[in-house]
Amino acid sequence: LRKNVEDFTGPRERSDLGFVTFDITADILNGKNGLCEYNVVFFLTCLHLQSIFDWNVKQLFLYLSAEYSTKNNALNQVVLWDKIMLRGDNPRLFLKDMKSKYFFFDDGNGLKGNRNVTLTLSWNVVPNAGILPLVTGSGHVSVPFPDTYETTKSY
Amino acid sequence: LFSGSMEPAFHRGDLLFLTNRIEDPIRVGEIVVFRIEGREIPIVHRVLKIHEKQNGDIKFLTKGDNNAVDDRGLYKRGQHWLEKKDVVGRARGFVPYIGIVTILMNDYPKFKYAVLFLLGLFVLVHRE
């Protein structure tokens, strides 16, 4: 589900505010990467992350981010949702109808009609001690925003 | 690390290893160390949003993992974004709890004297 709403109070000028509802299915124990299905109304990603919960992995900081380009800015990245997964937590995610945790504001009006907004799931591996790598999962999904703003106030 | 705003990843007292290569692009998910104008203590939080122009000018928003809201309320009055110039470093690795000794020494002067006293004893005893 994608909607774009005009005129929502932000830092200064009117900026586009996008709404995305999504499902996330991820299996962090098994070792296959793959994109399963994309549906116009909502998308379903099947991500099988590699088994990375070894003895030195304390937690994963997972985040779903939207990346896109606009007239105003060559590169925009907005985190829509994040989750901390501790070692010992259920490594299989099966989340449906998730609303984004953070407001998806653009810096300007670049979401309107933007067909090239890509959602990616990434994670920061937090060890007990050592390096902090950032990993991006495979399986990008494109979320094209409509050309018009949503006028009804039902968010 | 001074506060618990990045728990459970990092705790008060953890020691972070930073790099500060200006060419390193700032991207969401990264943990940056930044300073707010007028404040002495740098903050270590994660990048939540970035808007970067063609010429490389970037403005970004941060948030502590353990905080309910983003850092906009922490920035200077009227400041809505951080810029490259505010960045002091990027967290690349860490060692837990080592820095707790310096924090304890700051919070409890008696502890500092005890540590110095013990160190002094240690040096004396091992002077061969």
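The legends below go with a set of close-up views of this predicted model.

**View 1. Chain B as a whole.** Let's start with the fold before zooming in. Chain B contains 2 helices and 6 strands, and the order of its elements from the N terminus is β-β-β-β-β-β-α-α. The C-alpha trace spans about 65 × 30 × 30 Å along the principal axes of chain B. Its radius of gyration is 18 Å, whereas a compact globule of 128 residues would have a value near 14 Å. Of the 128 residues in chain B, 40% count as buried. The accessible surface of chain B is about 7,600 Å², with 60% of that belonging to carbon and sulfur atoms. If you look at contacts in chain B between residues at least 6 apart in sequence, 54% of them join residues at least 24 apart.

**View 2. A salt bridge within chain A.** Across all chains, the whole structure has 11 salt bridges, and one of them pairs A:D82 with A:K101, with the closest N and O atoms 2.6 Å apart. A:D82 lies in strand β6 (residues 75–86) of chain A and A:K101 in the loop between β7 (92–99) and β8 (104–105), so the pair ties together parts that are 19 residues apart in sequence. A:D82 counts as buried because its relative accessibility is 8%, while A:K101, at 49%, counts as partly exposed.

**View 3. A salt bridge between the chains.** The side chains of B:K59 and A:D107 meet in a salt bridge, 3.0 Å from N to O. This pair crosses between chains, from strand β4 (residues 58–63) of chain B to the loop between β8 and β9 (118–127) of chain A. Both B:K59 and A:D107 are buried.

View 4. B:K85 and B:E37 form a salt bridge whose closest N and O atoms are 3.8 Å apart. The two residues are 48 residues apart: B:K85 sits in the loop between β5 (82–83) and β6 of chain B, and B:E37 in the loop between β2 and β3 of chain B. With 61% relative accessibility, B:K85 counts as exposed, whereas B:E37, at 47%, counts as partly exposed. Salt bridges with shared partners join B:E37, B:K76, B:K85 and B:D86 into one network.

**View 5. A nonpolar surface patch on chain B.** B:V101, B:Y108 and B:F111 make a nonpolar surface patch of about 280 Å². One of these residues, B:Y108, is found in the loop between α1 (100–107) and α2 (109–125) of chain B.

**View 6. A buried leucine in chain A.** To finish, take a look at A:L64, placed in strand β5 (residues 57–68) of chain A. A:L64 counts as buried because its relative accessibility is 4%, below the 20% cut-off. The C-alpha atoms of A:L64 and A:K96 are separated by 14 Å, with the two residues 32 apart along the chain.

Terms used. Residues numbered from 1 in each chain as written. Chains lettered and ligands numbered in written order. Predicted model: local features only at pLDDT ≥ 70, side-chain atom pairs only at ≥ 80, totals over all residues. Heavy atoms only, no water. Helix = DSSP H or I, 4+ residues; strand = E, 2+ residues; numbered from the N terminus. Buried < 20%, exposed > 50% of the residue type's maximum accessible area, 1.4 Å probe, protein only. Patch = residues over 30% accessible without salt bridge, like charges linked within 9 Å, V, L, I, M, F, W, Y side chains within 5 Å. Areas by Shrake-Rupley, 256 points an atom, 1.4 Å probe, with all protein chains shown as cover. Salt bridge = Lys/Arg side-chain N within 4 Å of Asp/Glu carboxyl O. Rg over C-alpha atoms; globule rule 2.2 N^0.38 Å. Contact = heavy atoms within 4.5 Å.
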